[in-house]
Amino acid sequence: MKSLKMVFTLEAGANVTYTLQEPKSGLTQDAVRAVMQQMIDKKAVVSGESFANGIKDAYVYESERQELD
């Protein structure tokens, strides 16, 4: 299963990760970071009382289920 991981830095110094399952194919770093910046500008990312103030990372993570013998 693929997921898009968007990692934001918070005003308090910590990080918060938003995960979206099954992202569309063909995403680019520039496109994802542009959306992340819009989320920051609109104060849409908050953890506790701390708002996101920066972008740390964005990547597609792929995991796979493996049956036990």
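Is Phe8 buried or exposed? Phe8 is buried, because its relative accessible area is 0%, and buried means under 20%, exposed over 50% and partly exposed in between (1.4 Å probe, protein chains only). This is a predicted model, in which local features need pLDDT of at least 70, side-chain atom pairs count only at pLDDT 80 or more, and totals for chains, interfaces and linings use all residues. Residues are numbered from 1 along each chain as its sequence is written, and side-chain values use heavy atoms, with hydrogens and water left out.

**Overall build**
- The protein chain has one helix and four strands, in the order β-β-α-β-β along the sequence; helices (H or I, at least four residues) and strands (E, at least two) are DSSP runs, numbered from the N terminus.
- The C-alpha trace spans about 45 × 25 × 15 Å along its principal axes.
- The radius of gyration of the protein chain is 14 Å, whereas a compact globule of 69 residues would have one near 11 Å; the value is taken over C-alpha atoms, and the globule rule is 2.2 Å times the number of residues to the power 0.38.
- Of the 69 residues in the protein chain, 26% are buried.

**Rings and charges**
- There is one aromatic pair in the structure.
- Phe8 and Tyr18 form an edge-to-face pair, because their ring centres are 5.7 Å apart and their planes are at 70°; rings of Phe, Tyr and Trp (its six-membered ring) pair if their centres lie within 6.5 Å, with planes under 30 degrees apart counted as stacked, over 60 as edge-to-face and the rest as tilted.
- This pair links distant parts of the chain, with Phe8 in strand β1 and Tyr18 in strand β2 (residues 15–21), 10 residues apart.
- Tyr18 counts as partly exposed, because its relative accessibility is 27%.
- Lys5 lies over the face of Tyr61, 5.6 Å from the ring centre, and Lys43 lies over the face of Phe51, at 5.0 Å; a charge sits over a ring if NZ of Lys or CZ of Arg is within 6 Å of the ring centre and within 35 degrees of the ring normal.

**The largest pocket**
- Lining the largest pocket are 13 residues, with Leu4, Lys24, Leu27, Thr28 and Val60 nearest its centre; on a 1 Å grid over the protein atoms alone, a pocket is an open set of points where a 1.4 Å probe fits, with protein on both sides within 12 Å along at least five of seven lines, and lining residues have an atom within 4 Å of a point.
- Elements giving two or more residues to this lining are β1 (2–10), α1 (29–41) and β4 (50–62), and β4 gives the most, with three residues.
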